[in-house]
Amino acid sequence: GGGGDDERPSWDNRLQYLLSCIGFAVGLGNIWRFPYLCQTYGGGAFLVPYLIALVLEGIPLFHIELAIGQRLRRGSVGVWKAVSPYLGGVGLGCLTVSFLVSLYYNTVLTWVLWYFLNSFQNPLPWGSCPLDLNRTGRFEAECQASSTVSYFWYRQTLNITANISDSGSVQWRLLACLAVSWAVVYLCVIRGIESTGKAIYFTALFPYLVLTVFLIRGLTLPGAVGGLTYLFTPDVQVLQSPRVWLDAATQIFFSLSLAFGGHIAFASYNPPRNNCEKDAVTIALVNSMTSLYASIAVFSVLGFKAANDHGRCLDRNILRLINAFDLPDQSVSRDDYAAVLTHLNATQPERVARLCLETCRLEDFLDKSAAGTGLAFIIFTEAVLHMPGAPGWAVLFFGMLFTLGLSSMFGNMESIITPLLDMGLAHRSVPKEVLTGLVCLLCFLSATCFTLQSGNYWLEIFDNYVAPLNLMVFAFFEVVGVAYVYGMQRFGDDIEYMTGRRPGLYWRLTWKVVSPLLLLTIFVAYVAVLAWTPLSYRAWDAQYAQFPSRQEKSYPGWVQAACVLLCFLPALWVPAVALAQLLAEHRRKKDSCQDRCPKL
């Protein structure tokens with residue numbers, strides 16, 4: 001057992017604990033990254049590497065975190081120090097990554113909140129272009145050159161600069177929303193699991209309700225079947241690319257929120273004899289099923305949007321044909337268009353060629369998907385515009401995203417606060433509420449840089465570079481630490497004590513051999529991919545010749561240095577703590593030797 005068992009809080013019931021873990025694991029990535037990966041990598045074929053990674057890497061690692069947290073009853077720092085003093089850096093690294101991730105994760109929730117508040121009006125503000133400031137009756141040129149949703153996102157929400165070096169000013173609307181987001185997080189985590197445990201019933205279950213409503217509505221929209229067919233049609237050729245396997249393995253990692261320390265903290269509040277093996281498998285499967293469920297809901301709506309765009313493209317071409325050939329109005333329907341065009345092409349090809357008709361293929365419109373903020377704030381918001389009762393759907397969608405992100409933030413904050421309490425950094429007289437408040441205030445002040453006009457560029461840097469490599473390093477040390485330092489025999493005894501039976505062959509094999517090797521391979525492959533990828537970003541610049549396409553720009557030198565620092569800095573805790581421990585050990589031996597040796 002660990003220290004402070006007697007006064008350690010505990011969950012009200014098992015459901016509360018399971019919902020907290022599911023809430024932490026299921027986050028924005030399930031909605032906006034998994035469907036995108038599925039679509040990019042050959043639809044249903046992507047599920048093959050995804051499920052293999054889940055079985056060989058996701059579930060085994062997850063089981064280790066839940067089991068070791070529950071057995072040693074401490075947060076990430078305490079657990080890894082107890083396994084070996086040399087591994088203390090793993091816990092500190094997890095804490096650092098959780099801190100950095102919470103900064104930008106809550107900023108995304110700030111944007112979601114801003115859109116949520118803007119959804120309570122009819123018509124929706126991103127449905128039309130605003131008038132020019134000179135009030136000449138003309139619309140804003142930047143908006144007309146791009147689209148209403150892009151303009152609302154880049155100009156009216158972010159007011160983005162054309163260059164990362166140009167920081168711009170703080171956007172006060174966003175700063176106010178950021179303060180509200182952190183206030184909400186603080187009120188929910190104020191008393192640790194005693195308060196998040198109450199909030200989790202709503203924040204973990206509400207998204208499922210909304211997803212179901214969207215799914216039912218989505219499947220009744222025209223074009224939904226096309227979207228789903230496109231999503232799940234497997235392209236087996238794609239599996240030959242190593243990039244697919246790498247993305248599947250890293251997706252499992254983030255999807256389960258492994259190596260953050262949040263699951264260790266949550267498990268440490270469990271009763272000592274809880275069946276953690278069953279929990280690990282249950283939560284991991286629920287998480288993956290949620291990703292699939294969300295994909296169906298998202299792609300039924302995206303299929304509707306593609307069908308809508310495709311129809312409007314046909315309408316523009318039909319209008320050109322009717323005007324050019326003096327055909328009667330309404331004489332060409334969308335269904336007849338292909339036949340009429342073929343006929344005109346055969347009889348008067350020169351006149352048709354002069355019309356410069358658009359190419360209207362449904363597949364091209366289905367291809368226009370995006371991951372991350374592009375999906376939520378541009379593509380989905382545009383799809384919502386065309387749905388009857390648009391403001392209601394917008395409120396539901398952004399409300400769902402906010403609660404999804406909020407339950408992940410609970411886990412993130414738990415990953416920071418539990419280790420701080422366990423380390424006894426604050427004096428016993430300082431109440432937990434004050435420590436939590438100070439952490440939230442520090443996070444809020446640190447995150448204000450994302451409310452600058454260049455904030456979105458920095459958020460992308462944090463998103464791309466803070467977590468991936470660091471988490472892989474920590475996960476590797478976690479598995480090796482348990483399998484080889486803590487020892488399989490001892491860990492097996494612990495699991496037998498908790499679950500009533502020793503871990504089977506599958507668990508022993510994955511912990512000792514498969515998972516560590518897999519993590520090493522992924523780490524090396526990921527470093528290679530990073531080394532080959534140019535450090536660049538895509539800027540929104542109304543003066544760019546090919547606007548509204550975003551301009552590819554290289555990061556300036558100082559930003560590239562920041563990328564590299566974010567990539568490796570948290571992981572440096574591991575060697576630093578091990579080295580400090582080694583020196584301390586060396587000094588102790590020297591001192592004890594001097595005490596024993598007789599002085600001359």
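This is a predicted model: local features need pLDDT of at least 70, side-chain atom pairs count only at pLDDT 80 or more; totals for chains, interfaces and linings use all residues.
Student: Let's start with S76. Why is S76 called buried?

Tutor: Buried means under 20% relative accessible area, and S76 has 1%, so S76 counts as buried. S76 lies in helix α5, residues 76-83.

Student: What makes G91 and C94 contacts of S76?

Tutor: Contact means heavy atoms within 4.5 Å. With neighbours within four places in sequence left aside, S76 is in contact with G91, C94, G261, I264, S415 and P419.

Student: Next, R73. What makes the phi of R73 worth a look?

Tutor: Most residues other than glycine have a negative phi. R73 is not a glycine, and its phi is near 50°, a positive value. The residue is in the loop between α4 (47-72) and α5. R73 is also buried, because its relative accessible area is 10% and the cut-off is under 20%.

Student: And N159: why is that one called partly exposed?

Tutor: Partly exposed sits between buried, under 20%, and exposed, over 50%. N159 has a relative accessible area of 23%, so partly exposed is the label. N159 has a positive phi too, near 45°, and its place is the loop between α8 (148-157) and α9 (172-189).

Student: Same test for S408: why does it get its label?

Tutor: S408 has a relative accessible area of 4%, so it is buried. S408 is found in helix α19 as well. Not counting residues up to four places away in sequence, S408 touches G23, F24, V26, G27 and Y105.

Student: What makes β1 and β2 a pair?

Tutor: Two strands pair if DSSP finds at least two bridges between them. Four bridges join β1 to β2 (residues 551-554), so they qualify, and they run antiparallel. Y537 stands opposite K553 in β2. Strand β1 (residues 536-539) has a covered face with Y537 and A539, and an uncovered one with S536 and R538.

Student: How do you know the bond between F547 and P548 is cis?

Tutor: Its omega is about 15°. P548 is in the loop between β1 and β2. The bond from N122 to P123 is cis too, with omega near 0°, and P123 is found in the loop between α6 (88-118) and α7 (141-145). For context, most peptide bonds are trans.

Student: Last one. What makes V564, L565, F568, L569 and L572 a patch?

Tutor: Patch members need over 30% relative accessible area and no salt bridge, and nonpolar side chains are joined within 5 Å. Take L565 as an example: its 49% is over 30%, so that requirement is met. The five form a nonpolar patch on the surface, with about 460 Å² of accessible area together.

Student: Why isn't L565 simply called exposed?

Tutor: Exposed means over 50%, and L565 has 49%, so it counts as partly exposed. L565 has its place in helix α24, residues 557-568.

Notes: Residues are numbered from 1 along each chain as its sequence is written. Side-chain values use heavy atoms; hydrogens and water are left out. Patches are made of residues with over 30% relative accessible area and no salt bridge: like charges are joined within 9 Å, nonpolar side chains (Val, Leu, Ile, Met, Phe, Trp, Tyr) within 5 Å. Accessible areas come from the Shrake-Rupley method with a 1.4 Å probe; for residues, only the protein chains shown count as cover. A salt bridge is a side-chain nitrogen of Lys or Arg within 4 Å of a carboxyl oxygen of Asp or Glu. Helices (H or I, at least four residues) and strands (E, at least two) are DSSP runs, numbered from the N terminus. Buried means under 20% relative accessible area, exposed over 50%, partly exposed in between (1.4 Å probe, protein chains only).
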